[in-house]
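This report describes a predicted model of a single protein chain.

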Amino acid sequence: MARIAFFIFFLQIFSPAVLEAQSFKFTVKGKIGDLSAPAKAYILYEEAAGMETDSVVLDHGAFAFNGIAKGPNLVAYLKISRSGGISEDVEYLRFFMDAESISIVSDDSLDNAEVTGGSLNRDASILKAALAVDEPGTAYTNFIKSHPDSYISFEALDILGGEDPDPALVEPLFNILSGSIRSSKEGVEYAQKIARLKVVSIGRVAPDFAMPDTTGRSIALHDFRGKFVLLDFWASWCPPCRAESPYLVGAYETYRKKNFTILSVSLDQLSGKKEWIKAIREDGLSWTHVSDLQQENRAAMLYSVQAIPRNFLIGPDGKILAKDLRGKALSEMLEKVLGQ
């Protein structure tokens with residue numbers, strides 16, 4: 001579920017307030033290999049009304065763009081198409097227009113391009129070089145610690161944490177970042193995300209909730225206090241969830257007489273109620289199942305569930321013991337806490 005990618009090639013607009021710009025001149029030029037017509041270079045950057053696009057035919061790899069950008073941020077993309085089409089046979093490079101003159105040069109492809117001009121592109125190059133020699137976790141962590149004032153550190157933190165960051169890992173690094181980054185819109189949102197995740201971190205008391213089961217009877221998490229409970233988030237339409245069913249069934253049958261049970265929360269919606277019940281029957285899931293059958297499941301929101309399958313092992317005292325016990329990992333954990 002975590003994202004694994006070099007940040008320099010992200011194909012998304014992700015630009016906090018610290019990168020905002022009202023109006024600026026720019027020159028972006030360079031040379032990519034020895035490509036010529038029909039090959040084209042495209043530049044894309046955000047304007048107030050949306051994405052602005054310009055293009056030029058490559059001349060032995062050379063290109064140049066000049067203009068005045070009036071957009072809300074400094075993020076831009078260079079796109080090279082060997083066939084000339086904007087969506088055909090393309091390479092992408094994400095860079096920053098934080099200087100009036102930006103140079104992008106490579107002997108062969110954008111993957112190996114060197115971007116110069118502007119402090120953000122400089123910092124991005126430093127991190128890219130570190131990623132080439134160090135493990136990603138080490139490279140991201142060291143960069144954040146040595147560049148707390150750089151927006152690139154914020155991106156590095158976001159990648160390091162992934163979609164479901166461990167607060168114990170990311171919060172100390174987030175607190176290292178400069179005040180301007182932490183107080184930006186995205187910085188505030190990230191701090192809120194950390195706070196939500198801390199609520200369901202290992203060692204914390206699992207948040208209580210109540211939902212209807214398949215018959216409409218209200219079931220609460222606290223009804224299972226005194227037992228080991230696997231709180232399992234899934235859906236009938238989720239193939240990876242259904243692939244976990246045999247492991248869940250095996251664990252349940254092995255340990256259900258040893259003070260263990262499962263409470264499954266389905267993210268199916270009202271229109272899929274029949275499929276939900278059908279999946280329970282087909283997969284032989286003979287424990288308690290609940291769902292509010294809403295588009296945004298309340299329990300999933302409470303537990304900051306961003307992707308499924310997701311689960312939390314909760315002890316008899318109501319505290320979270322472990323997370324994301326997939327495949328054989330569930331039975332291995334139960335063997336540790338309950339014995340064979």
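Of the 340 residues in the chain of this predicted model, 47% count as buried. The C-alpha trace spans about 75 × 40 × 35 Å along its principal axes. Secondary structure consists of 10 helices and 15 strands. The chain is divided into domain 1 (23–113), domain 2 (122–200) and domain 3 (204–339), and the C-alpha centres of domain 1 and domain 3 lie 48 Å apart.

**The largest pocket**

The largest pocket holds about 230 Å³ of space. It is lined by 13 residues, and those closest to its centre are D158, E189, Y190, K193 and R196. Two elements, α3 (151–161) and α6 (185–199), each give two or more residues to this lining. The greatest contribution comes from α6, with 6 residues. By residue class, the lining of the largest pocket divides into 7 charged, 4 nonpolar and 2 polar residues.

**Helix α7**

Helix α7 comprises residues 239–255, 17 residues in total. From its first C-alpha to its last, α7 reaches 25 Å, close to the 24 Å expected at 1.5 Å a residue. Where does α7 bend? The bend, of about 35°, is at S245, and a proline, P246, follows within four residues. S245 is also one of the buried residues of α7.

**Local backbone features**

H60 has a positive phi of about 55° although it is not a glycine, and H60 lies in the loop between β3 (50–57) and β4 (62–69). Is H60 buried or partly exposed? With a relative accessible area of 46%, H60 is partly exposed.

N259, likewise not a glycine, has a positive phi near 70°. The place of N259 is in the loop between α7 and β12 (260–266). At 31% relative accessibility, N259 counts as partly exposed, because partly exposed covers values between the 20% limit for buried and the 50% limit for exposed.

Notes
Residues are numbered from 1 along each chain as its sequence is written. This is a predicted model: local features need pLDDT of at least 70, side-chain atom pairs count only at pLDDT 80 or more; totals for chains, interfaces and linings use all residues. Side-chain values use heavy atoms; hydrogens and water are left out. Domain bounds come from an automatic or database domain assignment. On a 1 Å grid over the protein atoms alone, a cavity is a set of points where a 1.4 Å probe fits but cannot get out, and a pocket is an open set with protein on both sides within 12 Å along at least five of seven lines; lining residues have an atom within 4 Å of a point. Grid points are joined across faces, edges and corners, and a volume is the space filled by probe spheres set on the points. Ala, Val, Leu, Ile, Met, Phe, Trp, Tyr, Cys and Pro count as nonpolar, Asp, Glu, Lys and Arg as charged, and the others, Gly among them, as polar. The expected span of a helix is 1.5 Å times one less than its number of residues. The bend at a residue is the angle between axes fitted to the seven residues ending there and the seven starting there. Buried means under 20% relative accessible area, exposed over 50%, partly exposed in between (1.4 Å probe, protein chains only).
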